[in-house]
Amino acid sequence: MHFRIGHGFDVHQLEAGLPLFLGGIKIEHDKGCVAHSDGDVVIHAICDALLGALALGDIGKFFPDSDERYRGIDSKILLARVVEMVVEKGYEVSNVDATISMQRPKLRPYIDLMREKLSEVMKIPVERVSVKATTTEHMGFEGEEKGVSVTAVCILGQTK
Ligand code: MG
């Protein structure tokens with residue numbers, strides 16, 4: 001079987017009073033991501049990993065933030081579309097592993113909910129979806145709660 005590896009990275013600023021969506025789940029918090037879409041930085045990093053694995057470009061190429069059609073869009077719709085592209089290219093998602101860097105709130109209670117939601121959107125078993133979270137020990141923009149960053153990697157396997 002032929003495999004492709006992909007890597008994605010995304011950052012969004014945090015602002016008081018905005019809703020926070022991570023991995024397709026609404027998180028209870030006093031800040032949310034500033035974004036053209038719903039700001040789901042986890043999904044954006046995963047989309048870029050999947051697109052990167054096939055050298056197709058990045059999320060901004062397919063869903064530009066200058067396009068009014070994507071204003072406030074649920075990022076799960078973007079991920080579902082990217083997975084369709086993967087399938088159209090003759091690949092399946094073998095696994096995805098994402099790491100969220102965020103100081104607050106504690107994400108542990110949401111991790112398995114995110115994994116389940118992401119597996120549902122990507123149409124793969126939850127065992128193939130990993131989401132992890134770390135603080136940055138109060139250092140940098142994540143630690144100062146100015147923003148959140150996410151890295152993601154994936155492996156795609158050729159199906160035909
Ligand atoms: Mg983004």
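Phe 141 sits in helix H5, which spans residues 140-143; helices here are DSSP runs of H or I with at least four residues, strands are DSSP runs of E with at least two, and both are numbered from the N terminus. This is a predicted model, in which local features need pLDDT of at least 70 and side-chain atom pairs count only at pLDDT 80 or more, while totals for chains, interfaces and linings use all residues. Residues are numbered from 1 along each chain as its sequence is written, and side-chain values use heavy atoms, with hydrogens and water left out.

Let's stay with Phe 141 for a moment. Its relative accessible area is 34%, so Phe 141 is partly exposed (buried means under 20%, exposed over 50%, and partly exposed in between, with a 1.4 Å probe and protein chains only). Together with Phe 9 and Val 11, Phe 141 forms a nonpolar surface patch with about 250 Å² of accessible area. Such areas come from the Shrake-Rupley method with a 1.4 Å probe, and for residues only the protein chains shown count as cover. A patch is made of residues with over 30% relative accessible area and no salt bridge, where nonpolar side chains (Val, Leu, Ile, Met, Phe, Trp, Tyr) are joined within 5 Å and like charges within 9 Å.

Now turn to the metal. Which residues hold the magnesium ion? Its protein donors are Asp 10 through OD, His 12 through NE2 and His 44 through ND1, at 2.1 to 2.2 Å from the ion. Donors are N, O and S atoms within 2.8 Å of the metal (3.2 Å for Na, K and Ca), and sites may look incomplete because water is not among the atoms. Along the chain, the donors follow the spacing D-x1-H-x31-H. Asp 10 is buried, with a relative accessible area of 17%, and His 12 is also buried, at 13%.

Next, follow the strands. Strand E5 (residues 91-101) pairs with strand E7 (residues 147-158) in the antiparallel sense over ten bridges; two strands count as paired if DSSP finds at least two bridges between them. Ser 101 has Ser 149 in E7 as its bridge partner. E5 also pairs with strand E6 (residues 129-134), in the parallel sense and over six bridges, and here Asp 97 stands opposite Ser 130 in E6. E5, helix H4 (residues 108-122) and E6 make a right-handed β-α-β unit, meaning that, with the strands pointing away from the viewer, the path from the first strand over the helix to the second runs clockwise.

Finally, look at the charged side chains. The structure holds eleven salt bridges, each a side-chain nitrogen of Lys or Arg within 4 Å of a carboxyl oxygen of Asp or Glu. One of them joins Asp 67 to Arg 69, with the closest N and O atoms 2.7 Å apart; Asp 67 is buried at 18%, whereas Arg 69 is exposed at 61%. Another joins Asp 74 and Lys 76, at 3.0 Å from N to O.

Arg 104 and Glu 145 form a further salt bridge, their closest N and O atoms being 2.8 Å apart. Arg 104 lies in the loop between E5 and H4 and Glu 145 in the loop between H5 and E7, so this pair ties together parts that are 41 residues apart in sequence. Arg 104 is partly exposed at 36%, while Glu 145 is buried at 18%. Asp 30 joins Arg 104 and Glu 145 in a network of salt bridges.
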